[in-house]
Amino acid sequence: MAAPILPLVDAVTHWPERGALVGLDLGTKTIGVAVSDPDRRLATGVETIQRTAFKADAARLIAIAGERRAVGFVLGLPINMDGSEGPRAQSTRAFARNFSNLAASAIALWDERLSTAAVERELIGMDVSRARRAEVIDEHAAIFILQGALDRLAKLRGDR
């Protein structure tokens, strides 16, 4: 049976109370990967996967989830500024549908509007070279996406 693909606030009901989450920034050439601590307070970068074939990419993501004992996935959904979904969002949803057949845990979709732009500004502000930014941008975008989702979950729990 395929894992459910849901908005974050609905996906959380399918996950145990504790356990790491894997955050994904899906690009056309790479997948940025971040993971949370088991208490879901802090997102940390793991790696940037160079995309090859879906099965190989999915196998690496499942291996990372297993290594980190993750209980769920948070996938950044690139929604347009007007709230509509374009080709990138459709591609992300297609990836999620295919991945859900292999994943054992619920997949949450999280609005990632401006995540890459925000990370790019931050890295420029830190005087990171253009070449280095290209290497780390997707991993940092995954951190940004996952941290946003974690902060939303903390707010839902009533944490400060």
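Along the sequence, the elements follow the order β-α-β-β-β-α-β-α-β-α-α, giving five helices and six strands; helices (H or I, at least four residues) and strands (E, at least two) are DSSP runs numbered from the N terminus. The radius of gyration is 15 Å, close to the 15 Å that the globule rule gives for 160 residues, so the protein is as compact as a globular protein of that length. This radius is taken over C-alpha atoms, and the rule is 2.2 Å times the number of residues to the power 0.38.

The model is predicted: local features need pLDDT of at least 70, side-chain atom pairs count only at pLDDT 80 or more, and totals for chains, interfaces and linings use all residues. Residues are numbered from 1 along each chain as its sequence is written, and side-chain values use heavy atoms, with hydrogens and water left out.

| Property | Value |
|---|---|
| Box of the C-alpha atoms along the principal axes | roughly 40 × 40 × 35 Å |
| Buried residues (under 20% relative accessible area, 1.4 Å probe, protein chains only) | 44% of 160 residues |
| Accessible surface (Shrake-Rupley method, 1.4 Å probe) | about 8600 Å² |

Carbon and sulfur atoms contribute 53% of the accessible surface. Among contacts (heavy atoms within 4.5 Å) with a separation of 6 or more, 65% join residues 24 or more positions apart.

Strand 3 (residues 30-36) pairs with strand 4 (residues 43-50) in the antiparallel sense over seven bridges, pairing requiring at least two DSSP bridges. Thr 30 lies opposite Gln 50 of strand 4. Six residues separate the two strands of this hairpin, in which Arg 40 adopts a positive phi near 60°.

Conventions: Buried < 20%, exposed > 50% of the residue type's maximum accessible area, 1.4 Å probe, protein only.
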